[in-house]
Amino acid sequence: MTTSHSAVPNHHAGFPGFAGPAGYLAAASMVLGRKGNARLAARLSAVAAGDAVADIGCGPGTAARHAARLGASVVGIDPAPVMLRAARILTRRSSRAVRYAEGSAEALPLPGSSVSVAWSIACVHHWADLDAGLREARRVLKPGGRLVAIERLTRPGATGLASHGWTAEQASAFADRCLAHGFTGIETNQHGRGRRTTVSVRATAS
Ligand SMILES: C[S@@+](CC[C@H](N)C(=O)[O-])C[C@H]1O[C@@H](n2cnc3c(N)ncnc32)[C@H](O)[C@@H]1O
């Protein structure tokens, strides 16, 4: 579902979710070509050994495994069992530092002040409730913890698959919501060029 208000950062809140054979296909399609976003998330959040990372909407776990390779302990969270199954299969041999849990941005299955980094890649545009998601991110982040959201940059008025992501206006609206939720040091940036351009919002929990 796409709302008509172009500045809404979770404009695909009504997306039905991934399940069944189509869900597995979607998970497979998210394994390839996602390393760039994983590296970008790690760079923007300065992930290092000793960090505890929450990968919100982890899908098949590409970014979770990347954070673990950098020495972090990671929990990948996703509401879609099909994604968690794919993530566990792909992670089994590569890392003991990653675990996966069923949950959503709006109800993170984590204790308060338990992570130093929370990121959400190609996912915030699906959050059912933006404010609940930001409240949860703030709750689970330790003071000084880093929040990073990354989305594909989309064109205003795009429809269908081409609309999965954020316009510059939607990114800016998300940054405004971060500010309203008490995050500080908020930065919005674009990366790459052409059809591969992504947009990020980085913020710090106080
Ligand atoms: C486009 S995929 C991106 C997966 C992964 N982050 C990546 O970049 O490869 C979006 C993911 O967000 C998950 N998702 C959808 N709604 C969510 C919500 N409210 N909270 C957390 N994750 C959600 C979906 O199940 C899906 O795995």
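The legends below describe close-up views of a predicted model.

Residues are numbered from 1 along each chain as its sequence is written, and side-chain values rest on heavy atoms, with hydrogens and water left out. Because the model is predicted, local features need pLDDT of at least 70 and side-chain atom pairs count only at pLDDT 80 or more, whereas totals for chains, interfaces and linings use all residues.

**View 1. Residues around the ligand.** The ligand is surrounded by 19 residues, a residue being taken as near when one of its heavy atoms lies within 4 Å of the molecule. The closest of these residues are G57, D78, A105, E106 and I121. By class, the shell consists of twelve nonpolar, four polar and three charged residues; here Ala, Val, Leu, Ile, Met, Phe, Trp, Tyr, Cys and Pro count as nonpolar, Asp, Glu, Lys and Arg as charged, and the others, Gly among them, as polar.

View 2. A polar side-chain atom of D78 is placed 2.6 Å from an oxygen atom of the ligand, while a polar backbone atom of G57 lies 2.7 Å from a ligand nitrogen atom. In the side chain of E106, an N or O atom is 3.1 Å from a nitrogen atom of the ligand. The ligand on its own has 590 Å² of accessible area, of which the protein covers 91%, with areas computed by the Shrake-Rupley method using a 1.4 Å probe (for residues, only the protein chains shown count as cover).

**View 3. The annotated span, residues 55-148.** The annotation "domain: Methyltransferase type" comes from an unreviewed UniProt entry and covers residues 55-148; UniProt positions are given in the numbering used here, feature names are shortened, and annotations may be inferred rather than shown by experiment. In the model, this span is 32% helix and 30% strand, and its end C-alpha atoms lie 10 Å apart. Helices (H or I, at least four residues) and strands (E, at least two) are DSSP runs, numbered from the N terminus.

**View 4. The salt bridge between D51 and R146.** The structure holds three salt bridges, each defined as a side-chain nitrogen of Lys or Arg within 4 Å of a carboxyl oxygen of Asp or Glu. In one of them, the side chains of D51 and R146 meet with an N to O distance of 3.0 Å. This pair links distant parts of the chain, with D51 in the loop between α2 (35-45) and β1 (52-56) and R146 in strand β5 (residues 141-152), 95 residues apart. D51 and R146 are both buried, and the relative accessible area of D51 is 10%; buried means under 20% relative accessible area, exposed over 50%, and partly exposed in between (1.4 Å probe, protein chains only). A polar atom of the D51 side chain also lies 2.9 Å from the backbone nitrogen of A48.

View 5. Side chains of opposite charge can pair when their charged atoms come close. The side chains of R177 and D131 form a salt bridge with an N to O distance of 2.9 Å. R177 lies in helix α6 (residues 168-180) and D131 in helix α5 (residues 130-140), so this pair ties together parts that are 46 residues apart in sequence. R177 is partly exposed at 31% relative accessible area, and D131 is likewise partly exposed, at 26%. In the salt bridge between R139 and E136, the closest N and O atoms are 2.7 Å apart; both residues lie in helix α5, three residues apart, about one turn of the helix. R139 counts as partly exposed at 31% relative accessibility, whereas E136 is buried, with a relative accessible area of 12%.

View 6. A173 lies in helix α6 and is buried, with a relative accessible area of 17%. Although A173 and A7 are 166 residues apart in sequence, their C-alpha atoms are 6.1 Å apart in space.

View 7. S113, located in the loop between β3 (98-102) and β4 (115-121), has a phi near 50°, a positive value in a residue other than glycine. S113 is partly exposed, with a relative accessible area of 41%. A122 lies in the loop between β4 and α5, and its phi, near 55°, is again positive in a residue other than glycine. At 26% relative accessibility, A122 counts as partly exposed.

Terms used. A polar contact is a pair of N or O atoms within 3.5 Å; within protein, one must be able to donate a hydrogen and the other to accept it, and residues adjacent in sequence count only if both atoms are side-chain atoms.
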